[in-house]
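Here are my notes for a colleague who has not seen this structure before. Please read them with the model open.

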Amino acid sequence: MRIFGVVSFVLASLYLAGCSSTSGVDALQMPSNETTSSVVRPSAPVSKGVRTAVTERTVSTASMSSASRFKPPAPLLDEENARSDDENQRPFGLAEEETVNFPAADLPDSVEPPVQEAALVSPPKRLSRAAPAMLAGPVTRSAFRDAKPINFGRSSPRHLAVHGVDVSRWQGNINWEKLRAQGANFAYIKATDGGDHLDPMFMKNWRNADAAGLKRGAYHFFYWCRTAGEQADWFIRNVPKMDGALPPVIDVEWNGDSSCKRRPSREKVLEKMQVFMDKLERHYGQRPIIYTSPDFYRDNLRGAFLDYPFWLRAVAAHPSKVYPGRKWVFWQYSGSGLSHGVSGRIDLNVFHGDERQWRAWLGGGGQMVADAD
């Protein structure tokens, strides 16, 4: 009996201890007020459109093996403002803006949401290769010499203030600082011709002219055996769209040395030029300048394109005599200029106006057309 009583007492004690214990798997099945996932409960309601920032963690139980793990539910997104991961993670590139999204207030459709400022957030930045705005530096008076000087009399280009040059690969390596110091305030740089040729010195000249402080522009030599659209696309592909650049130029002339011997009718010439210039104007936002020579002008351009700026070649007489009645912006007055910046000869040009008019022309994006006189 005594042994039976002792055994009964021990069994009863073990039974009571088991009923009151909170250890073991049963304890895991009891509800808890603790936050066991990484989704933190906000102390206040979350505004509409705000995505809760979370760090995904793995939750495990003490009595389970390390292989038995589960992940908490993903945080919820407002369906109206949810975006795919690809869109949210898309890197911004050149000429795109950094933007910060803010929660939108509940406003009627007809009311624009107010712009909200974010503390400690820098303003949107535009990443661009664009040059500074078209602001002219000090004008340097011309000190160029000429291997074949012409006496233009009272209409000498020396009476005009703003001189410049046009260059191509034929000038070789150019010392742009010396060219600037000698009086080159602007430069037109050969970029392309036809639909597949890029001047091998273009990008080097393009960068170095800008670094030396010259206003720069690019020109295209038009090839009459290719379509205008192809040539415009080729120019656009190779010439950067830059704030501060001079308007693009289409160079139209008859070239006896060209492999293309075609001379289209006047009607076809004007049609091709219009297609080319329209494409460039849409892309660059500037009306192209037309460069031409006396014979080509006589055959095709008299009375045409009156609302376009012209750059005229006239190395023996003033443009008013060679191109009667034609308004112009630039005059190429010599093909035999001499400068310390180049080893050979260089084309010399001048702007039709004084320094004040030059600055006004630049400020207007190069869109004004000078008088013919």
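1. A search of the whole structure finds two cavities of 30 Å³ or more. On a 1 Å grid over the protein atoms alone, a cavity is a set of points where a 1.4 Å probe fits but cannot get out, and a pocket is an open set with protein on both sides within 12 Å along at least five of seven lines; lining residues have an atom within 4 Å of a point. Grid points are joined across faces, edges and corners, and a volume is the space filled by probe spheres set on the points.

2. Basis of these notes. The model is predicted: local features need pLDDT of at least 70 and side-chain atom pairs count only at pLDDT 80 or more, while totals for chains, interfaces and linings use all residues. Residues are numbered from 1 along each chain as its sequence is written, and side-chain values use heavy atoms, with hydrogens and water left out.

3. The largest cavity. Its volume is about 80 Å³. Of the 14 residues that line the largest cavity, Val239, Ala245, Leu246, Pro248 and Tyr284 lie nearest its centre. By class, this lining has 11 nonpolar, two polar and one charged residues. Here Ala, Val, Leu, Ile, Met, Phe, Trp, Tyr, Cys and Pro count as nonpolar, Asp, Glu, Lys and Arg as charged, and the others, Gly among them, as polar.

4. The largest pocket. About 640 Å³ of space lies in the largest pocket. Its lining has 25 residues, and Ser168, Trp170, Lys190, Tyr219 and Phe221 are nearest the centre. Strands E2 (163-167), E3 (186-193), E5 (215-221), E8 (310-313), E9 (330-338) and E10 (345-351) each give two or more residues to the lining. The pocket lining divides into eight nonpolar, seven polar and 10 charged residues.

5. The chain as a whole. The chain has nine helices and 10 strands; helices (H or I, at least four residues) and strands (E, at least two) are DSSP runs, numbered from the N terminus. Of the 373 residues, 36% are buried. Buried means under 20% relative accessible area, exposed over 50%, and partly exposed in between (1.4 Å probe, protein chains only). Among contacts (heavy atoms within 4.5 Å) between residues at least 6 apart in sequence, 66% join residues at least 24 apart.

6. Helix H5 and Phe235. Phe235 is in helix H5 (residues 228-238) and is buried, with a relative accessible area of 1%. Not counting residues up to four places away in sequence, Phe235 touches Ala191, Thr192, Ala218, Tyr219, His220, Pro248, Leu280 and Tyr284. Two of these names have come up above: Tyr219 at the pocket and Tyr284 at the cavity. Phe235 and His197 are 38 residues apart in sequence and 9.5 Å apart in space, C-alpha to C-alpha. The buried residues of H5 include Ala228, Gly229, Trp234 and Phe235. Their cover includes E3, strand E4 (197-198), helix H4 (202-211), E5 and H6.

7. Helices H6 and H7. How do these two helices cross? The axes of H6 (residues 266-284) and H7 (residues 294-301) come within 9 Å and cross at roughly 100 degrees. Axes are lines fitted to C-alpha atoms, for helices over the stretch in contact, and angles run from 0 to 180 degrees between N-to-C directions. H6 and H7 are therefore roughly perpendicular to each other (under 35 degrees counts as roughly parallel, over 145 as roughly antiparallel, 65 to 115 as roughly perpendicular and the rest as oblique). Arg266, Val269, Leu270 and Met273 in H6 meet Phe296, Asp299, Asn300 and Leu301 in H7. This contact has five nonpolar, one polar and two charged residues.

8. Phe305 has a positive phi of about 55 degrees although it is not a glycine. Most residues other than glycine have a negative phi. Phe305 counts as buried at 11% relative accessibility, whereas Asp307 is partly exposed at 49%.

9. Arg287. This residue is in the loop between H6 and strand E7 (289-292) and is partly exposed, with a relative accessible area of 21%. Arg287 and Pro247 are 40 residues apart in sequence and 6.6 Å apart in space, C-alpha to C-alpha.
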